[in-house]
Every structure is written in C-alpha cells, then in structure tokens.
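Open the model in your viewer and keep the selection panel at hand. Each stop below says what to select and what is there.

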Amino acid sequence: MQQQELKEGVNIGVNAGEKGMVQVFSIPKSMKENFRYTFCPGCDHGIAIRLVAEVIDELGIREDIISSTSVGCAVFLYDFLEVDCVEAPHGRALASATGVKRARPDKVVFTYSGDGDFASIGLAESMHTALRGEKVTSFCINNTTYGMTGGQLGPTTMMGQVTTTSPTGRNKEYFGYPIKVAEHIALCDGTAYSARVALDSVPHINEAKKAIKKAFQVQLDGLGFGFVEILSSCPTNWHMTPEEAHERVRNEMIKVFPLGVFKDVSA
Amino acid sequence: MADKSNEKVLIKGNYAIAQAAINAGCQCYFGYPITPQTEIGEYLSGKMQELGRAYVCAESELGAINMVMGAVSTGVKAMTSSSSCAVSLMQEALSYASSDELPVVLVNVMRTGPGLGYIYPAQGDYNQAVYGGGNGDYKLIVLAPSTVQECVDLTYRAFYLAQKYRNPTMILADGLLGQMMEPASFGEYPYPEVDVSSWALTGAKGRDARKIYSVATDEKKQIQHIYDLHKKFEVIAENETTYEEFNTEDADIVLVAFGSMTRNIKAAMNVLRAKGKKVGCFRPVTLSPFPYKALKSLADKGKDLVVVEMNMGQMLKDVKYAVEGKVNVSFVSRPCGEWLSVEEIVDAVEDIMVSNTSKSIQPGSVKEVSYAAARA
Amino acid sequence: MGKIIIDNNRCKSCYICTTTCPKGLIKKSSKTNRLGDYMVEFDDPKGECIGCAMCAKRCPDMAITEVYR
C-alpha cells in the first residue's frame, strides 16, 4: 500500500546516479528555482503548496496555469510557484479568478487563500463563484485564525479558542459560531467537488493530495467548481510547537471540521 | 441599429457606451445593476452572448471590478460600469489596479451623493474620480463625455489609453447623458491594437512565470514602483491631456464646465454673445490629466473664469489651482437634480460680470440665491 | 536501504522530521544554521533508512530535498 502511494510522488524511478538507488522524493518541478519559504517554522502552508505543485507536475498543466491569490500569508504563493499569478485585493481572489477564466477559458485557473480571505471578507465572492459553477479550482487554508496579523478571531475560530481578539475564548453570545466552509460550498449547485483534508500526518497528507488533484481534475473535465478546504496548523499564533500544533489539528480541529468529500459530481 | 457604419443613429447614451465597448473589442463585461447605468449591462447581456464573449452578472460591484482585473490581466479588453455610490465600492480595486498597472475600463454614470443619494443626475464624483477614492498615490485616466457621440468616441479612447499606458481608465458620464437620446455614429474602432504580450498572463509557456502584484516587501522596490507610476502619469499628462475652447480669443470671461454641463455653458455663451457680452467656453475632456497649462494660459491673458458644475465646487479647486490666483474664479452651481438651465447660467454670469459673486442656484427658479442663502 | 538529503538553508528547525522518522534517524544537531537555529542531521550508521519519504512529506519547508531508496 505504501509503495503504491509513494508512486504518486514525482520523478519516481528516475535514477539520480546513486548506485542501486532510485529517487522517490524530489522538489516538484513547478516550484521556483532556489525558492525558500518565508512562512514560520512548522507552518503547513509549505506542505499545501508542495502538494499543489506536485499535482500540477503530475497533470502537466504548469504552462497553462493562471493563478490568483489575495491577501494573507497565502499571497506569497507567487514567490514559490513558477506559474503566472495575478494578485487580488483581500477576499477577491475568486472574483479575479472568474475574470481570468471567462477571459481565457482554455487556461487552468486556481486560487489559494486563507480562511479569512475565502470565508470571511470574501465569502460572497467565493460562494457566488461556486454557485455560478465557474470552472476554477480553489484551495482554502483553514488554520482557525488570522495568521498574518498575529492570530485574531476569524470565521473558523473554534468555540472556546483563545485568540488576541477573543482573550477569554470564543463564546456564542459574544462572537457567534465558526463556519464550516467545505459543507457550505458543497451545498452550492455549481460545485463539482468539495472536500476537507488535513496535513497533520502522512496518511492525511496523502489524502490531501488526492483531493487537490481531484479539484483540478473537475476543472479540466469542465464539471464545475473544485474546492478543497485544508486544515492547517499555525504554531506561531497557537503558541505551540509544530508537533503540538499538529496534535491540535488531529485531536481538536478534525472533531469540529470533519474530514471527507462532501460533494463529487464525478463519483 | 447601431453598428460600425458611419451612419448616424438615434441612441441613448448608455447604449452608445455599450455598443462602443463591443466595437472596441471588449471581450468581457462584468456588472451589477444600479440606476442610471443599468442599460449598459442590459444591452451587453444579450449582445455579448451572441458574440461568444463573456458576460457575468456579478454578485456585487466588488466582484465586478475584480473580475475585470482578472480578465484584463490576461491581456484582453474588459470593462464594468456602475454609478456613484457603487463606484465607491470599487475604489479599493482601482487602487490595486493602478499599482498592478492593469488596464481596467470603468464607466461611472453619476447620480446623486453622498450616500445612496437618489437617481438625480449630478457631478459629485469629480473628486473621487480625479483624486481617487482608494488608498495610496495613484491616478486614473478620467474622460468626461458631453454628448452621446462622445460617449462613443471616449469609450473607444478609454480602451486604447487603458492598454497603452496600462492604467485604469474611467469614463465619467452622468445620469443626464446616460438617459439622453441623441444622434451618434459609431464607425470602426479607430485606434491600433496595443501589444500586451510583454506582460499579459497567458500561462508560463516558454518563458518565466509572471506575477502581477502590488506588494513589495523590499522598501527600495516599493519606493521605485511609486516613482515609476508617477513618472508614467507625467507622460500621460504630456501626451493625452485634451480640452476644448470656444471663443476664448476675444473673451473677457470664460465659462468652464465638464461633462454634460458643457452643453449648457455653450448655449449660455451664445445667448450672452448675442447680448454683446464677450464670453468664451473652456471644457476639459480629460479630467485626469487635467488641462492645467491651458487654463493657466487663459489666466495669463487676464480672462476671468466662471466654473459651472452640478456639485459644490469640485473641479473649481483644480481651476483655481491652475490659474494661480491671477484672475477671478467665480462659481455657479447646484448640488444635483435639475440641470442648471441656460437662463440660470446666463443670469448668474451677467450678475457675476457686475458683482463677482459665486452663486448656488436652487431649482425651479431663475432667481439666483447667494451661496450663503442657499445653505441657510 | 535508503538515503535522504537535507538542505539546511531551507530548514527552520521545526523538528517535525525528528518525530516523524519511524526509525528515529533524524536528530537535532549541535550545529546551527545561518538563522542561528540548531539544524537537523540524518544519522544512519546501520543503514536502517528504507526511503519511506515520510520525513520529506511532512517537512513544511521542503528542506528534505531528495529521498532515495
């Protein structure tokens, strides 16, 4: 089983000159040369971007991609991926992506944003893009907080979670409830694929890659909007070590934001 | 029906803008309804589908302008249209588009403000259009048509200038012009196609990946970028500033207006000339870049100016800035609604020629009311 | 028999790899990188690494740049 999963990795079977050895992992070709992530230590953005790059490599679509990123830690995608990218104001990545796709229907268009961007300031744009069934792919990194500004209460902050703007923890009277993005997007008729994945363990990372690939595939097949919500850790703003942060994803987040595929019209 | 022939057709301003956009090669329209510009979107909805071009009923003006940004980033021509309070929603994107150097084309068919206002025509968005409602140092190119024919001509020009200078460009019309029917001819799109291949996003095939963005985490780069934008606008000002002058040579007093009000100051000028008064007209076609030099040369010749606007004195400040205090600049205005009539302007100007007092004129009356009285 | 290559210029010392390796072959080093962080090092004297690449898959910075089997 593990063998098969590993075969999804790029460059498998390429003999790198090591005597009797085969390279089973390498940096995806779609990454920029000599990139160096500017994220905090242990941040899952790095893994998510790598998975996106691996999928782009496997589908052979790098040269056809025009991506759109908006504001937040996610914006720096364009410093790491060797794909065309247009910036959008905070929350408007999917409006921008709609414009790109309508102007160039032959291109592969994707957005990469955080939960604040996708599901708070940009919820109208995100949901209407799904409702219109735009043939674009979108990834939303859910780390239950606003990471770039230092860990404030966001749309996905969990009940009881302490942030710099919910110092006594999120409670329903004062702050209301978090949004379950993947389920909401799955309810939109134009959505072809909606899934939630996590990056806290190798099996979950493998599942995440499959979902990312599927979200691109529904676009390539012209089926509609492809969406993946990626549960991600934010060790810095959670005040945890990277490993503790992944334990929180595993033990707390997944209970609130269950993993799974919520819609797949191709299934 | 309107097409590319040179024949004149009777057509509404909003429809003229829409058809001109089609002729100019606008591939994508994104919009959200708001009176008094809704006809632009209505006209284009069917036409764009017929032509196999893109049309999206956006979820909001925020969505619409950002869709335009996405579309034009790929090198195609695209536009949106809206009106005053909804153009306010687009200011953030215009600031981004300026920094990203995206050739966004936006039509603002002005209604009344501030706030929701009402659908009365007005010219209250001059400041927002010319000085920008978004953050940071940026400038739009702003073109102000005064006739339905100019709705066509300046729409053509807007698409050209936007791509030529990679600068967001606004057509600043008003409700009067949008709803007015007048003869206009379209003809072919008169400008050359601009080569966008050096920057447009088309997928990183056979070249390095391109990114269009406004954030520079390096201070020097950010500073240089703002200088570059500024220098670009100086070139635009040098090359593209346009205006009209009528009878200014022998005039003692020159009326200054933009957009639809140009029509009424021209008529008032004719009435006053018939009465033996030496009156001329001046009208900026580009509000940004503004024709400072041309107005200064009028001032250098000692001609007093009367600015006539449907707002509380927005272009007035630019005119005063241009003439550097050398001549008297008076002001005739109404904030919105019933357009200042020719009679009202004539009366006001005659009065100004005697007393040099600015006027704010209440509707429904030819009688002038002084600025202070109008406010009280 | 496997082998990994670590790019310590990319490593930000999150140490996820040290707990991920099923055989405990990646260890915190006593050396520091240009950021002043203690680096990690691949220490496999007995040739226990099977090249499962789990470390590389979980490394958030792609500092484990190559895995061989």
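Select chain A and show its C-alpha atoms. A compact globule of 267 residues would have a radius of gyration near 18 Å, and chain A has 18 Å, so the two agree. That radius is taken over C-alpha atoms, and the globule rule is 2.2 Å times the number of residues to the power 0.38. This is a predicted model, in which local features need pLDDT of at least 70 and side-chain atom pairs count only at pLDDT 80 or more, while totals for chains, interfaces and linings use all residues. Residues are numbered from 1 along each chain as its sequence is written, and chains are lettered from A and ligands numbered from 1 in the order in which they are written.

Along the principal axes, the C-alpha atoms of chain A fill a box of roughly 60 × 45 × 35 Å. Switch to a cartoon: chain A has 11 helices and 8 strands. Helices (H or I, at least four residues) and strands (E, at least two) are DSSP runs, numbered from the N terminus. Of the 267 residues in chain A, 60% are buried; a buried residue has 20 or more other C-beta atoms within 10 Å of its own, with C-beta atoms placed from the backbone.

Next, colour the strands. In what order do the 8 strands of the open sheet lie? The order is β8(A)-β6(A)-β7(A)-β5(A)-β4(A)-β2(A)-β3(A)-β9(B), with mixed pairing. Two strands pair if DSSP finds at least two bridges between them. At the edges are β8 (260-264) of chain A and β9 (211-212) of chain B, each pairing on one side only.

Now show all the chains. Of the 2 pairs of chains that touch, chains A and B have the most contacts; a contact means that the C-beta atoms of two residues, placed from the backbone, lie within 7 Å. Chains B and C do not touch, and their nearest C-alpha atoms are 19 Å apart.

Go to the boundary of chains A and C. Chain A gives 25 residues to this contact and chain C gives 23 residues. On the chain A side, the elements supplying at least two residues each include α2 (45-59) and α9 (202-220). This side has 14 nonpolar, 6 polar and 5 charged residues. Ala, Val, Leu, Ile, Met, Phe, Trp, Tyr, Cys and Pro count as nonpolar, Asp, Glu, Lys and Arg as charged, and the others, Gly among them, as polar. Select β1(A) and strand β4 (residues 64-68) of chain C: they pair in the antiparallel sense over 2 bridges. A:Phe25 stands opposite C:Val67 in β4(C).

Move to chain B, which is divided into domain 1 (9-200 + 212-240) and domain 2 (244-375); such bounds come from an automatic or database domain assignment. The C-alpha centres of these two domains of chain B lie 28 Å apart. Where they meet, 26 residues of domain 1 of chain B are in contact with 22 residues of domain 2 of chain B. On the domain 1 side, α6(B) gives the largest share, 4 residues.

Last, select helix α13 (residues 342-355) of chain B. Which residues of α13(B) are buried? They are B:Glu344, B:Ile345, B:Val346, B:Ala348, B:Val349 and B:Ile352.

Technical notes: A residue is buried if 20 or more other C-beta atoms lie within 10 Å of its own, exposed if 12 or fewer, and partly exposed in between; C-beta atoms are placed from the backbone.
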